[in-house]
Amino acid sequence: MEHKRIDDAVFSDTGYSYTLSLISGKYKPVILYCLMEFEPVRFNEMQRYLGKVADKTLSQNLKELERDGLIYRKMYPEIPPKVEYSLTERGRSLVTVLDGLCTWGIENRR
């Protein structure tokens, strides 16, 4: 079987590459899954769900997901500050993708 070589420039223009650029990493898929299941979620709740994750790392991932329009950050004018995260419509459109990953994992777990 002959394997074709994929040119990096061609791959970077694919929808697959774009999607991965938004959701790749150790925490982003888990953050999105958490919001899909439990939204809205507060920062501390998210931290407990993810396990051992540094504040800075979680904060950075949340900022990137917000920047990319996948999650919404709602801040309440309270003391102490209350912040909740939820999926945007764009983020909700990824639910079928994430569900597909879950289904595949269930069907192919060994």
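Reader: What share of the contacts between residues at least 6 apart in sequence join residues at least 24 apart?
Author: In this predicted model, 46% of those contacts in the chain link residues at least 24 apart.

Reader: And how much of the chain is buried?
Author: Of its 110 residues, 28% count as buried. The accessible surface is about 8,300 Å², with 54% of that belonging to carbon and sulfur atoms.

Reader: What about the radius of gyration?
Author: The chain has 17 Å, whereas a compact globule of 110 residues would have one near 13 Å. Along the principal axes, the C-alpha atoms fill a box of roughly 65 × 35 × 25 Å.

Reader: Switching to secondary structure. How many helices and strands?
Author: Seven helices and three strands. In sequence order the pattern is α-α-α-β-α-α-β-β-α-α.

Reader: What order do the strands take in the sheet?
Author: The order is E1-E3-E2, in an open sheet with antiparallel pairing.

Reader: Why is one side of E1 and of E2 left without a neighbour?
Author: Strand E1 (41-42) and strand E2 (71-76) are at the edges and each has a single partner strand, so one side of each has no neighbour in the sheet.

Reader: How many bridges join E2 to E3?
Author: Six, between E2 and the antiparallel strand E3, residues 82-87.

Reader: Which residue stands opposite Ile71?
Author: Leu87 in E3.

Reader: Last topic, charges. How far apart are the mean positions?
Author: They are 6 Å apart, for 17 positive and 16 negative charges.

Key
Residues are numbered from 1 along each chain as its sequence is written. This is a predicted model: local features need pLDDT of at least 70, side-chain atom pairs count only at pLDDT 80 or more; totals for chains, interfaces and linings use all residues. Side-chain values use heavy atoms; hydrogens and water are left out. Helices (H or I, at least four residues) and strands (E, at least two) are DSSP runs, numbered from the N terminus. The radius of gyration is taken over C-alpha atoms; the globule rule is 2.2 Å times the number of residues to the power 0.38. Buried means under 20% relative accessible area, exposed over 50%, partly exposed in between (1.4 Å probe, protein chains only). Contact means heavy atoms within 4.5 Å. Accessible areas come from the Shrake-Rupley method with a 1.4 Å probe; for residues, only the protein chains shown count as cover. Lys and Arg count as positive and Asp and Glu as negative; His and the chain ends are not counted. The place of a charge is taken as NZ of Lys, CZ of Arg, CG of Asp or CD of Glu. Two strands pair if DSSP finds at least two bridges between them.
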